[in-house]
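Please read this report with the sequence and the model side by side. Each section takes up one topic.

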Amino acid sequence: MRESTWVSLLLLLLLPAPQWGGPQDGRREPELEAEHGPLQPFDLLYASGVAAYYRGDYESAVRDLEAALRSQRRLLDIRTRCARHCAARRPLVHPGSGPGAELPFFRALLARASCSRSCQNQRLGGPASRHRVSEDVRSDFQRRVPYNYLQRAYIKLNQLEKAMEAAHTFFMANPEHMEMQQNIEDYRETAGVEAVQLVDREARPHLESYNAGVKHYEADDFEAAIKYFEQALREYYNEDVKCRALCEGPQRFEEYEYLGYKGGLYEAIADHYMQVLVCQHECVRELATRPGRLSPIENFLPLHYDYLQFAYYRVGEYVKALECAKAYLMFHPDDEDVLDNVDYYESLLDDSIEPESIEAREDLTAFVKRHNLESELIKSAAEGLGFLYSEPNYWVSYGERQDENRVPLGVNMEGAEVHGLPMGKKSPPNIGRDLREGGPLLYENITFVYNSEQLNGTQRVLLDNVLSEEQCRELHSVASGIMLVGDGYRGKTSPHTPNEKFEGATVLKALKFGYEGRVPLKSARLFYDISEKARKIVESYFMLNSTLYFSYTHMVCRTALSGQQDRRNDLSHPIHADNCLLDPEANECWKEPPAYTFRDYSALLYMNDDFEGGEFIFTEMDAKTVTASIKPKCGRMISFSSGGENPHGVKAVTKGQRCAVALWFTLDPLYREVERIQADEVIAILDQEQHGKHGLNINPKDEL
């Protein structure tokens, strides 16, 4: 089937927006009018701006980067408006009964697809396909990378306030960039600008209003708190419509190549529709997640109604307090405190008002009804179509409002208990095993440097002389012959920072190259042997009671790119944890996919020190406060447990090339590194060949 036919088919899958999410004033949207001239694709403008920056044309860089940001915002706005416009103009028709009853339904789908394409083409001034940018560009805009270039360009143009604004906008989505934080402090000191004056150009209105509501609530200014919480809800529901509309774009079929997909009509529609529906269902997490954070604000939407129920009570609007309390109970029907609040608010009503006539907020009722229907449909489809789906707990009960007003004055508090976790910094994650260290280092000449206490942390050790100078030179030499750019990161040249080139190679690849004679086999074997040596040291030093297995073995080099080191403010590798998703704002590390949750210990074995920068650092969970900094050198090894107790990263490599062997280990044999098992087999075969034993009729190349 031709690509154009597939595109036409998938365009049929656009979904209608809910009725309650349309224009709130009841007015019809104006007819769509063409813009003057075609909208320029933002990826082309972005590339032009970056190119101008690197050739020193900062005025052009600012012009094109600003235009790229405007173009991207305009593109998203057009797609959103077209989706809402076509939902109103071309509603889906339910099929009737009898022969051909499904035809009206498909006619509606075709009309919606045609409307969507025509609307976008008209507003964009050309085919919408011109704006289908790459995943890398989309990722850069999501991470606000253009603002990093903008702040540098504005500084070159001596426009300090605009540089500060761009830097702050970038930092809000990249809180792990300590250098950027320092830049902002330097800008503020130079310009005399307080932190409250900094502007986030990509601030999400509903989150800003919610934060303002919380501040006024905590200051006992309940009138203002009500104003901002109600505004936050209006903005939330509007953002929800936008989020759902943007889910209606192209989807990626994970299990097969898009153009090679062979599903039938109903399978294709069902596959695409379910991906769109799951995306829309997940908007509740998207809207609750702050920029630069991995996890959403717990219980985010219900909290609006929890705050409002008490705020309305304090200003004497008992009907609205009751409506909001009942709204909160739609998420948590067994919350004893709020159930007591409902009884109390009902007792305060005028005699002319029947308590049963007061129902939960209308805005939320429609939202929850749709959310529950979506959940049922997705679960049913997962069972019928055979795909995996686990419904997340979107409204965790421990994300409750924590203050003395949880239960209003007047409610009987005898025997009552305030539910929820205490506020404040959360304790580090439980590692789930006995923590011990100080076991034997097993090999001569290895020098102990620092333990966990001296490194200001938990389950950390620093050792020297794990490699000799000769071994370092041999490994560094073999690295140049086996490494591939972007190895382990789908070929991305600079997966962590655009200012460095990343190269890597696995043990199995080294042995393959050694067997083929492309590098000395002895050197490839050394890579294998020293990684096994490191595994035994880690297992022994941390006094583990069970076998430690390899999870991943990777020789890596990071090379500073010439001409890109001026005023670097990023990290060579951002602050992270190895087996959980670090959430600096919440002081939490979520042990859930896509993190490698099975990893238990990590180690880095350094090969050289003839470079500048590149210090390994541990931080607190805030990803900012450095607790230890380690300068790499030949034979030095740092090892630590892989969880949230050990957030770490690498400072910018500003000159030369930094090389190391990176090792991750697991205590679970189910997650043993497959390539390592294959490498073990190759080593066994090579040993047999060396001793003249050819009993096994196996070609080593087949094993590779």
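## Leucine 308 and its surroundings

Apart from neighbours within four places in sequence, leucine 308 is in contact with Ile226, Phe229, Glu230, Leu233, Cys324 and Arg361. The model in which these contacts are found is a predicted one. Leucine 308 belongs to helix H13, which covers residues 300–314. Its relative accessibility is 0%, and buried means under 20%, so leucine 308 counts as buried.

One of its contacts, Glu230, can also be described by a distance between C-alpha atoms. Those of leucine 308 and glutamate 230 are 8.2 Å apart, while the two residues are separated by 78 residues along the chain.

## The chain as a whole

The chain has 704 residues, and buried residues make up 50% of them. It contains 21 helices and 16 strands.

How many of the contacts between residues at least 6 apart in sequence join residues at least 24 apart? The share is 75%.

## Helices H11 and H16

Two packed helices are described by the angle between their axes and the distance between the axes. For helix H11 (residues 265–281) and helix H16 (residues 362–385), the angle is about 140 degrees and the axes are 10 Å apart. The crossing of H11 and H16 is left-handed.

On the H11 side, the contact is made by Ala270, Tyr273, Met274, Leu277, Val278 and His281. On the H16 side, the contact is made by His371, Glu374, Ser375, Leu377, Ile378, Ala381 and Leu385. Sorted by kind, the residues of this contact are nine nonpolar, three polar and one charged.

## Glutamate 239 in helix H10

Glutamate 239 lies in helix H10, which spans residues 222–246. Is glutamate 239 buried or exposed? Its relative accessibility is 17%, and the limit for buried is under 20%, so glutamate 239 counts as buried. Leaving aside neighbours within four places in sequence, glutamate 239 is in contact with His206 and Leu287.

## Aromatic pairs

There are 35 aromatic pairs in the structure. In one of them, the rings of tyrosine 344 and tyrosine 345 have centres 6.4 Å apart and planes at 50 degrees. Planes under 30 degrees apart count as stacked and those over 60 as edge-to-face, so this pair falls into the remaining class, tilted. Tyrosine 344 and tyrosine 345 are both buried.

Another aromatic pair is formed by tyrosine 552 and tryptophan 664. Their ring centres are 5.9 Å apart with 25 degrees between the planes, and the pair is stacked. Tyrosine 552 is in strand S5 and tryptophan 664 is in strand S16 (residues 657–666), so the pair links distant parts of the chain, 112 residues apart. The relative accessible area of tyrosine 552 is 23%, which makes this residue partly exposed. Tryptophan 664, with a relative accessible area of 17%, is buried.

Glutamine 565 sits in the loop between strand S5 (549–560) and strand S6 (571–576). Which backbone oxygen atoms does the side chain of glutamine 565 reach? One belongs to asparagine 499, at 3.0 Å. Another belongs to leucine 561, also at 3.0 Å. Not counting residues up to four places away in sequence, glutamine 565 touches Asn499, Ala560, Val653 and Thr654.

Proline 574 has its place in strand S6. With 22% relative accessibility, proline 574 counts as partly exposed.

## Two residues with positive phi

Most residues other than glycine have a negative phi. Arginine 144 is not a glycine, yet its phi is positive, at about 65 degrees. This arginine is found in the loop between helix H5 (135–142) and helix H6 (145–156). At 6% relative accessibility, arginine 144 counts as buried.

Glutamine 459 also has a positive phi, near 55 degrees, in a residue other than glycine. Where is glutamine 459 found? Its place is the loop between strand S1 (447–450) and strand S2 (460–464). Glutamine 459 is buried, with a relative accessible area of 3%.

Conventions: Residues numbered from 1 in each chain as written. Predicted model: local features only at pLDDT ≥ 70, side-chain atom pairs only at ≥ 80, totals over all residues. Heavy atoms only, no water. Axes fitted to C-alpha atoms, helices over the stretch in contact; angles between N-to-C directions. Helix = DSSP H or I, 4+ residues; strand = E, 2+ residues; numbered from the N terminus. Left-handed = near helix turned anticlockwise from the far one by under 90°. Contact = heavy atoms within 4.5 Å. Nonpolar A, V, L, I, M, F, W, Y, C, P; charged D, E, K, R; others polar. Polar contact = N/O pair within 3.5 Å; in protein donor to acceptor, adjacent residues only side chain to side chain. Phe/Tyr/Trp six-rings, centres within 6.5 Å; stacked < 30°, edge-to-face > 60°. Buried < 20%, exposed > 50% of the residue type's maximum accessible area, 1.4 Å probe, protein only.
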